[in-house]
Amino acid sequence: MVHTSLDVVDEKISAMGKALVDQRELYLGLLYPTEDHKVYPSYLLCRYGYVTNSKVKFVMVVDSSNTALRDNEIRSMFRKLHSSYTDVMCNPFYNPGDRIQSRAFDSMVTSMMVQVC
């Protein structure tokens, strides 16, 4: 699911052209909904995309039956994730490419998941 979403992210970025290169972040919104993958019985899953200025891509898969989530909440969650990810990358003891082993990052992601569920 995520790999196909990354292809859609690349397509959207190339379609937007160079006009958006100077932006600090690139919220792509809803990538596409699908019923093909059933994580839980008959849920419709929505995939959202976000790209940073350094070309780091985030994909979020959300159950569409959760009507409490709106576009601005998804955008806010991506910004929070981006900020926490940046904190991890700025840690002088973190080696880029290594698995992220940060309690602060894990607790932030867990709190986002609990908030959504």
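In what order do the elements of the protein chain run from the N terminus on? The order is α-β-β-β-α-α, and the secondary structure comes to 3 helices and 3 strands. Helices (H or I, at least four residues) and strands (E, at least two) are DSSP runs, numbered from the N terminus.

Before I continue, a word on the source. This is a predicted model, in which local features need pLDDT of at least 70 and side-chain atom pairs count only at pLDDT 80 or more, while totals for chains, interfaces and linings use all residues. Residues are numbered from 1 along each chain as its sequence is written, and side-chain values use heavy atoms, with hydrogens and water left out.

Let me begin with confidence. The term pLDDT denotes the predictor's confidence in each residue, from 0 to 100. The protein chain averages a pLDDT of 76, and 71% of the residues score at least 70. Confidence is highest in α2, at 90, and lowest in strand β1 (residues 25-34), at a mean of 70. Over residues 36-43, pLDDT stays under 50, and the model has 9 contacts beyond four places in sequence for them; contact means heavy atoms within 4.5 Å. Where pLDDT is low, the predicted coordinates should not be read in detail.

I turn now to burial. A residue is buried under 20% relative accessible area, exposed over 50%, and partly exposed in between (1.4 Å probe, protein chains only). Of the 117 residues of the protein chain, 31% count as buried.

Next, helix α2. This helix has 19 residues and reaches 27 Å from its first C-alpha to its last, close to the 27 Å expected at 1.5 Å a residue; the expected span is 1.5 Å times one less than the number of residues. Which residues of α2 are buried? They are Ile74, Met77, Phe78, Leu81, His82, Ser84, Tyr85 and Val88. An α-helix has 3.6 residues a turn, so residues three or four places apart point the same way.

Some of these residues belong to the interior. A nonpolar core is a set of buried Ala, Val, Leu, Ile, Met, Phe, Trp, Tyr and Cys residues joined through side-chain atoms within 4.5 Å. The largest such core has 19 residues, and those with the most contacts inside it are Tyr48, Phe58, Met60, Ile74 and Phe78. Two or more residues each come from β2, β3, α2 and α3 (103-116). The largest share, 6 residues, is that of α2. Apart from this core lies another, of 6 residues, including Val8, Val9, Leu28 and Val51.

Rings of Phe, Tyr and Trp (its six-membered ring) pair if their centres lie within 6.5 Å; planes under 30 degrees apart count as stacked, over 60 as edge-to-face and the rest as tilted. By this rule, the count comes to 3 aromatic pairs. Why is the pair of Tyr50 and Phe78 stacked? The ring centres are 5.2 Å apart and the planes stand at 10°, so the pair meets the description of stacked. Tyr50 lies in strand β2 and Phe78 in helix α2 (residues 71-89), so this pair ties together parts that are 28 residues apart in sequence. Both Tyr50 and Phe78 are buried.

A further pair, Phe58 and Tyr85, is edge-to-face, with 5.5 Å from centre to centre and 85° between the planes. Because Phe58 lies in strand β3 and Tyr85 in helix α2, this pair ties together parts that are 27 residues apart in sequence. Phe58 counts as buried, at 11% relative accessibility. Leaving aside residues up to four places away in sequence, Phe58 touches Tyr48, Gly49, Tyr50, Thr52, Phe78, Leu81, His82 and Tyr85. Tyr50, Phe58, Phe78 and Tyr85 form one aromatic cluster.

Finally, two residues for contrast. Cys46 lies in strand β2 and is buried, with a relative accessible area of 10%. Cys46 and Val61 are 15 residues apart in sequence and 5.6 Å apart in space, C-alpha to C-alpha. Is Lys55 buried or exposed? At 58% relative accessibility, Lys55 counts as exposed. Lys55 lies in the loop between β2 (45-52) and β3 (57-63), and Lys55 has a positive phi of about 70° although this residue is not a glycine.
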